[in-house]
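Hi,

Here is the structure I promised to pass on to you. Please have a look at it first, and then read my notes below.

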Amino acid sequence: MPRLEVVGLIVAGLLLASILASKISNQIGIPALLFFLIIGWVVGTVGGISLENPAIAKFIGDAALIFILFAGGLDTEWTAIKPVLGKGLSLSTIGVFITMLILGTFAWFILGSFSSFMIGVHGISFSQGLLLGAIVSSTDAAAVFSVLRSSHLGLKGNLKPLLELESGSNDPMAVLLTTTLINFLVGTDTSLVTVGISLVMQLVVGAAVGYGAGLFLVWAINRLNLSAQGLYPVATIALVLLTYSVTTLLGGNGFLAVYIAGVVKGNRPFVYQDTIVAFHDGIAWLMQIIMFLTLGMLSVPYQAELFSIASVAFAIALFLIFVARPISVFVSLAWTKMPFREKLFVAWVGLRGAVPIVLATFPLAVGMTQAGEIFTVVSFVVVTSVLIQGFSLATVARWLNLAIDE
């Protein structure tokens with residue numbers, strides 16, 4: 001059994017390295033998640049601490065997502081997102097679905113057409129292509145705004161709250177589509193009618209329980225009358241876990257529920273509000289660090305597949321950035337009167353981040369065929385998106401005359 005001081009030394013070193021990496025990322029304009037992944041990969045490759053059990057990675061990712069989504073909801077200001085509510089929800093539902101269809105079809109075509117030319121790589125079915133599309137269909141708010149902060153840029157009009165709402169609300173939709181497709185592929189739900197009913201039930205139950213849980217969170221926190229201020233954040237942790245667990249047991253989507261609960265609670269007054277919000281912001285950062293270090297270590301066993309599939313993965317990443325994302329944005333915003341340049345900027349701001357890599361562990365955990373290839377492609381897509389869109393985000397904002405120097 002490893003000694004506590006040795007484990008403590010390793011954990012402290014990883015956390016401090018991640019914190020320093022976050023500081024560096026703000027200075028050079030690259031989202032910190034990329035550095036967290038690299039640190040995890042280096043630890044797994046050089047230090048030999050690789051993770052070969054995807055079920056553990058999935059468990060850690062699920063737990064982290066609960067608190068990341070709740071913290072995101074907690075920071076969402078209703079007054080800011082109300083004017084863009086329709087646009088944001090259209091992007092986070094219709095946009096995600098269109099991205100899944102377009103990218104999934106392309107992934108199926110290119111992996112099916114060129115797999116015979118790649119050693120050790122097998123083609124994927126159309127359903128598996130859709131699964132890959134669903135996994136990478138959501139954007140990452142933290143990645144977007146870390147780049148903007150490092151560039152000292154603001155955005156004109158309602159672009160910032162729109163991007164914030166889309167990035168916060170499209171994660172549950174991506175999770176929902178991913179889990180539904182996995183159930184379909186492994187034979188849990190084979191009927192399209194059953195899949196449709198399950199999808200609607202997860203949305204309705206998740207939204208209803210999430211809204212009720214948000215109201216209950218405010219009521220409970222305001223009436224607990226605890227003896228110590230430090231107990232209130234602990235009580236909030238318990239209530240967030242309760243919200244996720246109850247929603248999931250009732251057949252709803254727990255991730256959607258905790259996000260909505262966070263939005264409801266964050267827009268109502270409650271005791272020790274600054275303390276609780278700051279606490280959950282810190283928890284969200286800790287969860288991101290742990291999650292990406294874990295996923296970096298998990299990627300070590302799949303390095304061999306990366307080299308054989310890199311060219312196709314790069315093509316899929318470019319197709320997502322230049323074709324699938326723009327089409328999904330322009331179609332889902334076709335009913336609005338947004339100026340063309342604003343739609344074009346929203347189409348470019350499609351950085352992938354935490355959720356796609358976590359979702360890529362789902363097929364691994366259930367032992368799906370070609371799960372390793374899907375995980376490798378998703379990891380490559382996320383890194384490519386961060387590098388291409390992350391470095392160019394500020395330049396594109398200025399080029400479209402949508403940037404405000406701060």
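A residue is called buried under 20% relative accessible area, exposed over 50%, and partly exposed in between. Y272 has 37% relative accessibility, so Y272 counts as partly exposed. Please keep in mind that this is a predicted model.

Y272 belongs to the loop between α11 (254-266) and α12 (273-298). For context, most residues other than glycine have a negative phi. N225 is another non-glycine residue with a positive phi, in this case of about 50°. You will find N225 in the loop that runs between α9 (192-223) and α10. With a relative accessible area of 68%, N225 is exposed.

Helix α10 covers residues 231-249, which is 19 residues. From first C-alpha to last, α10 reaches 27 Å, close to the 27 Å expected at 1.5 Å a residue. Which residues of α10 are buried? They are Y232, P233, A235, T236, L239, V240, T243, Y244 and T247. Just after the helix comes G251, whose phi is positive at about 90°.

Now to the aromatic rings. Searching the whole structure turns up 8 aromatic pairs. One of them is F106 with F319: the ring centres are 3.9 Å apart and the planes are at 5°, so this pair is stacked. It connects distant parts of the chain, as F106 sits in helix α5 (residues 85-114) and F319 in helix α13 (residues 303-332), 213 residues apart. Are these two phenylalanines, F106 and F319, buried or exposed? Both are buried.

F314 and F380 make an edge-to-face pair, with 6.4 Å from centre to centre and 85° between the planes. This pair also links distant parts of the chain, with F314 in helix α13 and F380 in helix α17 (residues 371-399), 66 residues apart. Here F314 is partly exposed at 38% relative accessibility, and F380 is partly exposed as well, with a relative accessible area of 22%.

One more ring to look at is that of F270. The charged end of K265 sits over this ring, 4.7 Å from its centre.

Next, the charged pairs. Side chains of opposite charge can pair when their charged atoms come close. How many salt bridges does the count come to? The count is 1 salt bridge. E166 and R325 form it, and their closest N and O atoms are 2.7 Å apart. E166 lies in helix α8 (residues 159-185) and R325 in helix α13, so to speak distant parts of the chain, 159 residues apart. E166 is buried, with a relative accessible area of 1%, and R325 is buried too, at 3%.

I38, W41 and V42 make a nonpolar surface patch of about 250 Å². Of these residues, W41 is found in helix α2 (residues 32-45), and with 38% relative accessibility W41 counts as partly exposed.

Note on methods:
Residues are numbered from 1 along each chain as its sequence is written. This is a predicted model: local features need pLDDT of at least 70, side-chain atom pairs count only at pLDDT 80 or more; totals for chains, interfaces and linings use all residues. Side-chain values use heavy atoms; hydrogens and water are left out. Helices (H or I, at least four residues) and strands (E, at least two) are DSSP runs, numbered from the N terminus. The expected span of a helix is 1.5 Å times one less than its number of residues. Buried means under 20% relative accessible area, exposed over 50%, partly exposed in between (1.4 Å probe, protein chains only). Rings of Phe, Tyr and Trp (its six-membered ring) pair if their centres lie within 6.5 Å; planes under 30 degrees apart count as stacked, over 60 as edge-to-face and the rest as tilted. A charge sits over a ring if NZ of Lys or CZ of Arg is within 6 Å of the ring centre and within 35 degrees of the ring normal. Patches are made of residues with over 30% relative accessible area and no salt bridge: like charges are joined within 9 Å, nonpolar side chains (Val, Leu, Ile, Met, Phe, Trp, Tyr) within 5 Å. Accessible areas come from the Shrake-Rupley method with a 1.4 Å probe; for residues, only the protein chains shown count as cover. A salt bridge is a side-chain nitrogen of Lys or Arg within 4 Å of a carboxyl oxygen of Asp or Glu.
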